[in-house]
Amino acid sequence: MSRRIVSATMLSAFALMAGGCHRETTRAYQPPPPPSTSTAANHNGTSARSGESSSASTAVPSPAPVPNSFGKPISTEIGLASWYGPPYAGRKGADGTVYDQNAMTAAHLTLPMGTMVRVTNLTNNESVVVKITDRGPFVRGRIIDLSLAAAKATGVYRAGVAKVKVEAFATPARVNADPGGRWCVQIGAFARESDAVKLKEDLLRRYTTAKVIEFPGPTGYWVRVNPKFPDKRNATEVADGIHPKDPAAEPYLIRMD
């Protein structure tokens, strides 16, 4: 009888202790805070700090908004995008401003300077609005070079090259701007400076009224022809008549304004 009473007493005490521990644990528990923006998943679905896979929603994001004043796109093209950062950071772009790799800008061969463009990565549907401030890319098949920031925002940064849709919107009005544009032809890149100089001399003899220059670039040596009449038709005729011996060097039609 006494053993039963002692056992019952011990069981009751144990139950009270267990219940007390449970209540203390409940009071001490706090839900974890939401992840901060610095550790949240980036556009590639990986953690911005650790690179680990994220379990974030895979819902398709909405296109990057464009100011209403730009209206509907005036042109659309699909092709490959790449990006550029160092060693271009800090250098002047084709529009005369210093290239900031952390700004939302891009380089395009023919769109007027200042054009606002929405670039959509067709792999993940991420998009961003950028301003055209430079010329490029000078690689066959590529249609736009994104700044480092724009490449990260669209997921092009890790891939290096990605298929994109480029929607161009109305260019802001500029004083004394030629509506048809000012065009030139750029040929390169040559691995050897001597090849670029030789082509420059040949073109100076062929196009006596044009301004022909040779200059070094990050990827080699280039030759540029500025026709006396810099409209697109004349520039196209010049480009069609240039056939460099170096297969890696080809003519590019570039809009200068």
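Which residue caps the N-terminal end of H5? I looked there and found Asp231, with a side-chain oxygen 3.1 Å from the backbone nitrogen of Arg233. I took a polar contact as a pair of N or O atoms within 3.5 Å; within protein, one must be able to donate a hydrogen and the other to accept it, and residues adjacent in sequence count only if both atoms are side-chain atoms. Helices (H or I, at least four residues) and strands (E, at least two) are DSSP runs, numbered from the N terminus.

I note that this is a predicted model, in which local features need pLDDT of at least 70, side-chain atom pairs count only at pLDDT 80 or more, and totals for chains, interfaces and linings use all residues. Residues are numbered from 1 along each chain as its sequence is written, and side-chain values use heavy atoms, with hydrogens and water left out.

**Helix H5**

I stayed with H5, residues 232-240, and checked burial. Buried means under 20% relative accessible area, exposed over 50%, and partly exposed in between (1.4 Å probe, protein chains only). Asn234, Ala235, Val238 and Ala239 are buried. Seen down the axis of H5, these buried residues fall within an arc of 135°, so they line one face of the helix. The arc is that of the directions from the helix axis to the C-beta atoms. An α-helix has 3.6 residues a turn, so residues three or four places apart point the same way. On the face turned away from the buried side I found the exposed residues Arg233 and Asp240. The cover over the buried residues of H5 includes S7 (183-190), S9 and S10, with contact meaning heavy atoms within 4.5 Å.

**Strand S3**

Is S3 (residues 116-121) enclosed or open? Six of its six residues are buried, so S3 is largely enclosed by the rest of the structure. Met116, Arg118 and Thr120 point one way, while Val117, Val119 and Asn121 point the other way. In a regular strand the side chains alternate between the two faces of the sheet.

I then looked up the partners of S3; two strands pair if DSSP finds at least two bridges between them. S3 pairs with S4 (residues 127-134) in the antiparallel sense over five bridges, and Val117 stands opposite Val130 in S4. The two strands form a hairpin with five residues between them, and Asn125 in the turn has a positive phi of about 65°. S3 also pairs with S6 (residues 162-168), antiparallel and over five bridges. There Arg118 stands opposite Glu167.

**Aromatic rings**

Rings of Phe, Tyr and Trp (its six-membered ring) pair if their centres lie within 6.5 Å; planes under 30 degrees apart count as stacked, over 60 as edge-to-face and the rest as tilted. By this rule I have six aromatic pairs. One of them is Tyr84 with Tyr99, stacked at 4.4 Å centre to centre and 5° between the planes. Tyr84 lies in S1 (residues 75-84) and Tyr99 in the loop between S1 and S2 (105-107), so the pair ties together parts 15 residues apart in sequence. Tyr84 is buried at 6% relative accessible area, and Tyr99 is buried at 6%. Tyr84, Tyr88 and Tyr99 form one aromatic cluster.

I also checked charges over rings: NZ of Lys or CZ of Arg must be within 6 Å of the ring centre and within 35 degrees of the ring normal. Lys152 lies over the face of Tyr157, at 5.1 Å from the ring centre.
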